[in-house]
Amino acid sequence: MNIIQTKIGTIDIEKHQIITFESGLPGFENLSKFIVYTDDSIAPILWLVSIEDSEIAFPVIPPKNVRIDYSFFIPQEVVDYLEISKEEDLVILSVLTIPQQSQEISLNLIAPMLISLINKKGIQLILDNTQYKSKHLLKEELERSQNLLKQSAGEDNAGSDEKNQ
Amino acid sequence: MLVLTRKTNEYVEIIAGDRHIKITILDSNRGTVKIGFDAEKDIKIYRGEVYDEIVSQNISSVNTDIKSLKDISRIFPGGKKGEN
């Protein structure tokens with residue numbers, strides 16, 4: 001056990017919690033060691049916390065909490081790199097951007113963080129040929145997901161949701 | 001910055017340690033250049049503006065005010081869990 005000073009305070013970490021992003025993250029190429037920190041008071045938001053730079057932590061969220069039908073293709077070389085063979089081997093997190101105006105909170109769906117529970121490696125994958133963008137407004141996505149849930153709950157209204165593409 | 005002039009179908013070879021990256025000019029037409037990359041699969045190649053966009057999102061994410069998160073987490077429909 002190690003006590004480490006991070007952006008979100010002093011935390012105890014154990015070796016097995018450390019995720020290695022070998023090539024860093026875009027904008028933070030020099031940082032490779034992170035942990036996923038759970039804080040019940042902000043659930044379902046989590047922190048991806050650098051253990052090398054006490055100024056750096058990203059608020060992240062499992063994207064399906066926001067966009068229920070989120071899906072993308074993982075290239076074979078990434079699957080190999082992460083040594084994953086099934087969905088449960090992988091944790092997917094999307095980066096939240098939270099400006100002063102909470103109306104404008106956004107989620108980066110074009111560059112999900114993939115974390116392997118098998119070899120504890122992580123990468124921020126930048127999706128190719130995708131409808132997803134780096135900025136999806138949280139409010140719009142939650143509304144969209146709720147509408148989808150309502151529709152699948154059976155009230156088959158012919159009207160579809162034209163607000164989002 | 002190293003500047004080289006290349007014609008269509010000519011290439012440059014980048015060698016980093018034991019790794020080779022071959023960049024070929026496939027076509028050029030009115031200011032638009034089509035470029036081919038031959039590199040090992042784990043070498044990531046992105047359009048500059050796409051990569052820059054992710055960089056700037058990551059940087060603004062890191063500037064989040066920690067205290068604001070408690071309020072924001074209330075936006076989410078109650079206690080739903082799900083890893084991916």
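Q: Is Arg30(B) buried or exposed in this predicted model, and at what relative accessibility?
A: Arg30(B) sits in the loop between strand S2 (19-29) and strand S3 (32-38) of chain B. A residue counts as exposed over 50% relative accessible area. Arg30(B) therefore counts as exposed, at 82%.

Q: What is the phi of Arg30(B)?
A: Most residues other than glycine have a negative phi. Arg30(B) is not a glycine, yet its phi is positive, at about 45°.

Q: Where in chain A is Asn129(A) found, and what is its relative accessible area?
A: Phi of Asn129(A) is near 45°, a positive value in a residue other than glycine. Asn129(A) belongs to the loop between strand S10 (122-124) and strand S11 (136-137) of chain A. The residue is exposed, with a relative accessible area of 79%.

Q: Which residues does a cis peptide bond join, and what is omega there?
A: Most peptide bonds are trans. Pro44(A), in the loop between strand S4 (33-38) and S5 of chain A, takes part in a cis bond. Its partner is Ala43(A), and omega is about 5°.

Q: What pattern does chain B follow along the sequence, and what is its radius of gyration?
A: Chain B has 2 helices and 3 strands, in the order β-β-β-α-α. The globule rule gives 12 Å for 84 residues, and chain B is well over that value, so it is more spread out than a compact globule. The C-alpha atoms fill a box of roughly 60 × 35 × 25 Å along the principal axes. The radius of gyration of chain B is 22 Å.

Q: What share of the residues of chain B count as buried?
A: The accessible surface of chain B is about 6500 Å², with 52% of it belonging to carbon and sulfur atoms. Among contacts in chain B with a separation of 6 or more, residues 24 or more positions apart account for 2%. Of its 84 residues, the buried share is 23%.

Q: How far apart do the centres of the positive and negative side chains of chain B lie?
A: Chain B carries 14 positive and 13 negative side chains. The centres of the two sets lie 5 Å apart.

Q: Which residues touch the most other members of the largest nonpolar core, and which element gives the most to this core?
A: This core has 39 residues, and Ile45(A) and Leu114(A) touch the most other members. Elements giving two or more residues include strand S2 (9-13) and helix H2 (138-152) of chain A, together with helix H2 (69-73) of chain B. The element that gives the most, with 3 residues, is S7(A).

Key. Residues are numbered from 1 along each chain as its sequence is written. Chains are lettered from A and ligands numbered from 1 in the order in which they are written. This is a predicted model: local features need pLDDT of at least 70, side-chain atom pairs count only at pLDDT 80 or more; totals for chains, interfaces and linings use all residues. Side-chain values use heavy atoms; hydrogens and water are left out. Helices (H or I, at least four residues) and strands (E, at least two) are DSSP runs, numbered from the N terminus. The radius of gyration is taken over C-alpha atoms; the globule rule is 2.2 Å times the number of residues to the power 0.38. Buried means under 20% relative accessible area, exposed over 50%, partly exposed in between (1.4 Å probe, protein chains only). Contact means heavy atoms within 4.5 Å. Accessible areas come from the Shrake-Rupley method with a 1.4 Å probe; for residues, only the protein chains shown count as cover. Lys and Arg count as positive and Asp and Glu as negative; His and the chain ends are not counted. The place of a charge is taken as NZ of Lys, CZ of Arg, CG of Asp or CD of Glu. A nonpolar core is a set of buried Ala, Val, Leu, Ile, Met, Phe, Trp, Tyr and Cys residues joined through side-chain atoms within 4.5 Å.
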